[in-house]
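Student: I have a model open and would like to go through it piece by piece. Can we start with the strands and then move on to the helices and rings?

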Amino acid sequence: MEKRKMEKTGVETSLLGFGCMRFPVTNEGKIDEPMAQKMLDTAIAAGVNYIDTAYPYHNGESEPFVGRALKKYDRQSFYLATKLPVWLVHSVEDANRIFEEQLERLQTDYVDFYLLHALNKSSWEAAVKNGIVEYCQKLKAEGRIKYLGFSFHDSYEVFEEILCARDWDFCQIQLNYMDANEQAGLEGYRLAEKMGVPLVIMEPVKGGSLAVFADDITEKFRSLDANASTASYALRWVGSLPGVNVVLSGMSSMEQVEDNLHIFGSFKPISDTEKRTIEEIVEILNSRIQNGCTGCRYCMPCPAGVNIPANFKAWNTYHMYQNYNVARWQWETEIGEKGQAKNCIKCGKCEAHCPQKLSIREDLEKVQKDLDKKEMLL
């Protein structure tokens, strides 16, 4: 198993980290514990030593399961990461209550890597104001957490502000070849590398979007290696960055575990030829974007309740990957019936405020028509 040393902490972690937010589930929606246990055991036996969970994963069931699953192992043989759900924390008392609950769930008296979960500008400011950062520093001084970091979802400018605010032990960002210029992105990666802050990467396969493609993209990958999975290129692209210490993979099946162990058990950095092919694929995928919505939200609020930016994001994602499944959750759950394009009353208020001068009313009709058809199912 490929290992990398965090120079700042002296800790050597497996390059592959086991993300515990996508365990296989039963028909009742509960974690399939026998299969998930087998998957964890297989990964650990192959050298994976970084296990990442969080308070809300699997509706709160991930931490308790991970605690039970890891109980048979020597506590010194693995690194356990979990996260403080900052959106539920409004005081030090809240933080302390949740942390104590996490230790009980995980059946441990300390956490190796503790993160402020999914920081953005507002949650960071609230965490500072409410003394949450100082509380976590106190936990570290007491040895109840070993290393303090944060995970992040916002703009590069906010990332820079947070990263430079204190001497972090590590940080976790979303990064993949399609999101190189999104959120913290490669610019954030380079800043963390420059500052010597160890990096943990989440969403290397973009929630599975970079694992299944239409035939034309799949053939481009197969032309490089007929036996390699398409997901392997996304994982290797991230792992080839020298400043990356852990690449998290939220594995849902034994097949994914075995594929990932093969990738990271004999890790090969992305070659120049592979890099050029990936760049071509990114260009093709971006060319499928249907309109130039930037998500600026000048069109909002919509008098009819349509979530215009989210509709366009789902629509563009659907066409980019030519796969309804990658847009399903956003379209059906996040946007839902009340926020979908079909509720547009064609008042035109949105178009009057759109900096890109998009034909919003016309495009919303196309959104509803395309996503109702659900034709691109792979």
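**Strands, helices and rings**

Tutor: Gly19 stands opposite Gly250 in β10. Keep in mind that this is a predicted model.

Student: How many bridges join β3 to β10, then?

Tutor: Four bridges join them, and the two strands run parallel; β3 covers residues 16–19.

Student: And what does β9 do with β10?

Tutor: β9 and β10 also pair in the parallel sense, over three bridges. Val200 stands opposite Val246 in β10.

Student: Is β10 buried or exposed?

Tutor: Six of the seven residues of β10 are buried, so the strand is largely enclosed by the rest of the structure.

Student: What do the strands close into?

Tutor: A barrel of eight strands, in the order β3-β4-β5-β6-β7-β8-β9-β10, with parallel pairing. From one strand to the next, the twist averages 25 degrees.

Student: Pick another pair. Which residue stands opposite Ile51?

Tutor: Leu80 in β5. Strand β4 (residues 50–52) and strand β5 (residues 79–84) pair in the parallel sense, over three bridges.

Student: Which strands does α8 touch?

Tutor: Helix α8, residues 185–195, packs on the sheet and touches β8 (170–174), β9 (199–202) and β10 (244–250). The direction of α8 makes about 165 degrees with that of β8.

Student: Now helix against helix. At what angle do α1 and α11 pack?

Tutor: About 10 degrees, with their axes 10 Å apart; α1 is residues 33–45 and α11 is residues 254–265. The cut-off for roughly parallel is under 35 degrees, and α1 and α11 are therefore roughly parallel to each other.

Student: Which residues meet there?

Tutor: From α1, Met35, Lys38, Met39, Thr42 and Ala43; from α11, Met254, Val257 and Leu261. By class, that contact of α1 with α11 has six nonpolar residues, one polar and one charged.

Student: What about α9 and α12, at what angle do they pack?

Tutor: Helix α9 (residues 215–222) and helix α12 (residues 272–287) pack at about 175 degrees, and their axes are 10 Å apart. That angle makes α9 roughly antiparallel to α12.

Student: And the residues in that contact?

Tutor: Ile217, Lys220 and Phe221 in α9 meet Thr277, Ile278, Glu280, Ile281, Ile284 and Leu285 in α12. Sorted by class, the contact of α9 with α12 has six nonpolar, one polar and two charged residues.

Student: Change of topic: how many aromatic pairs are there in the whole structure?

Tutor: A search of the whole structure finds 18 aromatic pairs. Take Tyr79 and Phe113: their ring centres are 6.1 Å apart and their planes are at 85 degrees, so the pair is edge-to-face.

Student: Where do Tyr79 and Phe113 lie?

Tutor: Tyr79 lies in strand β5 and Phe113 in strand β6 (residues 111–119), so the pair ties together parts that are 34 residues apart in sequence. Phe113 is buried, with a relative accessible area of 0%.

Student: Are Phe99 and Tyr114 buried or exposed?

Tutor: Phe99 is buried, and so is Tyr114.

Student: Which residues do ring pairs link into a cluster?

Tutor: Tyr50, Tyr79, Phe113, Tyr147 and Phe170.

Note on methods
Residues numbered from 1 in each chain as written. Predicted model: local features only at pLDDT ≥ 70, side-chain atom pairs only at ≥ 80, totals over all residues. Heavy atoms only, no water. Pairing = 2+ DSSP bridges. Axes fitted to C-alpha atoms, helices over the stretch in contact; angles between N-to-C directions. Contact = heavy atoms within 4.5 Å. Parallel < 35°, antiparallel > 145°, perpendicular 65-115°, else oblique. Nonpolar A, V, L, I, M, F, W, Y, C, P; charged D, E, K, R; others polar. Phe/Tyr/Trp six-rings, centres within 6.5 Å; stacked < 30°, edge-to-face > 60°. Buried < 20%, exposed > 50% of the residue type's maximum accessible area, 1.4 Å probe, protein only.
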